[in-house]
Amino acid sequence: MLLTVSGPPGSGKSTTAAALAEAFDLEHISGGDIFRELAAEHDMTAVEFNKLAEEDDQIDRDLDRRLRTIALERDDVLLESRLAGWLAGDAADLRLWLDAPVDVRAARIADREDKPADVAREETTTREASEALRYEEYYDIDITDLSIYDISLNTARWGESEVPAIITAAVEAYDPDDDEGKYPVEGVRYDF
């Protein structure tokens, strides 16, 4: 099984992905963790490294190529990243999108990173805008197009343990024999 979990910063991707990986005994691969590790190796914050990625497109391309290769070549994986659904494409069994209002996400990030919520909100909106431009430029991906996702969930409406429970129930209820077709992932330039 290959599941993808995507969404903006602070949407609950990591928490949900970890719970799903455990529930279905899948290897959890996080693009965000890889990105933060690369930032730390460069002695930078994620925001600073994101700025560097605006100038050096190879940073994004290397990460994205690695995630796409994993999606295409490995089994029993849960791939978590902003672009996981797009990068896995039709290889994914189910593609999930998590989101929450920006103020909720900023508050979550502020708590996690011990910073003021207004700073977290500004950094988050700046980062999202930067990434959206790069995804469009590099791969012709409109990150706001959610049509490829099988489930899109506002995580602000349920608690931290309920979100994984909702998605786990949906994945368990999925029967490939009843599947009449997923939305195809089309028009992406996998130009790494």
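Partly exposed means a relative accessible area between the cut-offs for buried (under 20%) and exposed (over 50%), with a 1.4 Å probe and protein chains only. R189, at 33% relative accessibility, is partly exposed. This is a predicted model, in which local features need pLDDT of at least 70 and side-chain atom pairs count only at pLDDT 80 or more, while totals for chains, interfaces and linings use all residues. Residues are numbered from 1 along each chain as its sequence is written, and side-chain values use heavy atoms, leaving out hydrogens and water.

**Salt bridges**

- A salt bridge is a side-chain nitrogen of Lys or Arg within 4 Å of a carboxyl oxygen of Asp or Glu.
- By this rule, the model has 18 salt bridges.
- D140 and R189 form one of them, at 3.0 Å from N to O.
- This pair links distant parts of the chain, 49 residues apart: D140 sits in the loop between α7 (117-139) and β5 (151-154), and R189 in the segment after α8. Helices (H or I, at least four residues) and strands (E, at least two) are DSSP runs, numbered from the N terminus.
- D140 is partly exposed, at 40% relative accessibility.
- Salt bridges with shared partners join D57, R61, D140, R189 and D191 into one network.
- R36 and D33 form a salt bridge, with their closest N and O atoms 3.1 Å apart.
- Both R36 and D33 belong to helix α2 (residues 31-41), three residues apart, about one turn of the helix.
- R36 is partly exposed at 38%, and D33 is partly exposed at 38%.
- D99 and R105 meet in a salt bridge of 3.5 Å, N to O.
- D99 is partly exposed at 27%, whereas R105 is buried at 5%.

**D62**

- D62 lies in helix α4 (residues 58-73).
- D62 is partly exposed, with 32% relative accessibility.

**E180**

- E180 is in the segment after α8 (162-173).
- E180 is exposed, with a relative accessible area of 85%.
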